[in-house]
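Subject: Structure handover

Hello,

Here is the structure you are taking over. Please open it next to this message and follow along.

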Amino acid sequence: MTKQFPLAQVIEQLEQGLPPEGEAGFLGAQLDPAEVSLLLIPVPWEATTSYGGGTSEGPQAILQASHQLDLEDAAFGQPYRAGISFIEADNTIAELNHPAREAALTVIAALEQGQEAPAELELVNRASEEVNRHVHQQANAILQQGKLAAVVGGDHASPQGLIGALAGWHREFGILHLDAHHDLREAYEGFIYSHASIFYNVLEQLPQVSRLVQVGIRDYSRSEAAYANRQGERIQAFYGADLFRRKASGDSWLEICEQIIAPLPQQVYISFDIDALDPPYCPHTGTPVPGGLSFDEACYLLERLVLSGRKIIGFDLCEVAPGEDEWDANVGARILYKLCGATLRSQGLC
């Protein structure tokens, strides 16, 4: 474990602009967890990934890339002064990930041959349930300390436990979901807690989630569209093609952002799949889809959400898969810092 220092000392060190130690934490800080306002839970999990891989390496890659960020933020000021830190990773999820991923590949290969692999499918589903329990316990422990919690994945199945924990603390909240995909499939490929099923599970299991507002959706199945329609006002989707048409017709991004935010209740959770962005920002993500939001459009949406007076109660950032260079992790670290800043500003902490 690296040395840990009081917040005031860390702020002074960060503001000197000196290079951080290689083993330092988020943003190069080495914070005493007792003085942190926002704790980030790394979830190196990608068992059910159905196309490209690598997102289990995302949390560590983002942490390392964060060491080269400048810390002044035009929209949110100085979020680092509130104290932001990854919790210390344990090996539980990483140890579950490899055998579950191998089993999932066997299941997928069997499906492609019109066959089944029931033992391997059961292994993956049991491991997924264990990951959800583990993340739920970690998140609940953070919330019990009066701190804010967020998840850094991993694939998009990673935050199920965090969202469930927040449902135990809040009677009602909405979710702002930025993604190329609906993630509304029921037990995709037989995997109950698939990355493609996260919001089906959330809506079916957590009545506290009163609204799901999805932004940037570009790839989806007929069954997902039908499910969204059956949910009525509980789901509102802003499809990528429609966003493009509106901008082409002269609507400003400000006007569109205001309409995206309007259905959300006072308390909001943000789920940010990096493939919501145009693939040049995240070329190695597992399921890239042409089109998508620009970096600035996504950040401006977060800014407008905070200016609306809504309170962000938690968030996740998922599907960052580092390539041979550091570009994906660089973009991921910057989006993560924006999410931290938006959350802390909405809570009056920066």
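Pockets and cavities are both found on a 1 Å grid over the protein atoms alone: a cavity is a set of points where a 1.4 Å probe fits but cannot get out, while a pocket is an open set with protein on both sides within 12 Å along at least five of seven lines. Lining residues are those with an atom within 4 Å of a point. For volumes, grid points are joined across faces, edges and corners, and the space filled by probe spheres set on the points is taken.

The model is predicted, so local features need pLDDT of at least 70 and side-chain atom pairs count only at pLDDT 80 or more, although totals for chains, interfaces and linings use all residues. Residues are numbered from 1 along each chain as its sequence is written, and side-chain values use heavy atoms, with hydrogens and water left out.

Pockets

The second largest pocket has a volume of about 400 Å³. Its lining has 19 residues, and nearest its centre lie Gln13, Leu14, Leu18, Pro20 and Gly28. By class, nine residues of this lining are nonpolar, six polar and four charged. Here Ala, Val, Leu, Ile, Met, Phe, Trp, Tyr, Cys and Pro count as nonpolar, Asp, Glu, Lys and Arg as charged, and the others, Gly among them, as polar.

The largest pocket holds about 780 Å³ of space. It is lined by 33 residues, of which Leu63, Phe86, Ile87, Glu88 and Ala89 are the closest to its centre. The lining of the largest pocket has 16 nonpolar, 12 polar and five charged residues. At least two lining residues come from each of strand E1 (38-43), helix H2 (58-65), strand E2 (84-86), helix H3 (92-112) and helix H4 (118-144). H2 gives the most, with four residues. Helices (H or I, at least four residues) and strands (E, at least two) are DSSP runs, numbered from the N terminus.

Sheet

In what order do the eight strands of the open sheet lie? The order is E2-E1-E3-E8-E7-E4-E5-E6, with parallel pairing. Two strands pair if DSSP finds at least two bridges between them. E2 and strand E6 (235-239) are the edge strands, each pairing on one side only. From one strand to the next the twist averages 20°.

Within this sheet, strand E4 (residues 173-178) pairs with strand E5 (residues 209-217) in the parallel sense over six bridges. Opposite phenylalanine 173 stands valine 209 in E5. Helix H6 (residues 198-205) lies across E4, E5, E6 and strand E7 (267-273), and runs at about 165° to E5. Axes are lines fitted to C-alpha atoms, for helices over the stretch in contact, and angles run from 0 to 180 degrees between N-to-C directions.

Ala61, Ile62 and Ala65 of H2 make the contact with Ala329, Asn330, Gly332, Ala333 and Leu336 of H11, where contact means heavy atoms within 4.5 Å. This contact of H2 with H11 has six nonpolar, two polar and no charged residues.

Cavities

There are two cavities of 30 Å³ or more. The largest cavity has about 40 Å³ of space. Its lining consists of Leu7, Val10, Ile11, Leu14, Phe26, Leu27, Ala29, Leu31, Tyr80 and Ile84, and by class these are 10 nonpolar, no polar and no charged. Helix H1 (residues 7-15) gives the largest share, four residues.

The second largest cavity has a volume of about 30 Å³. Thr49, Gly52, Asp155, His195, Gly286, Thr287 and Glu319 line it, with no nonpolar, five polar and two charged residues.

Backbone

Most residues other than glycine have a negative phi, and most peptide bonds are trans. Glycine 153 and glycine 154 are joined by a cis peptide bond, with omega about 20°. Glycine 154 is in the loop between strand E3 (148-153) and helix H5 (160-167). Alanine 187, in the loop between E4 and H6, has a positive phi near 45°.

Regards
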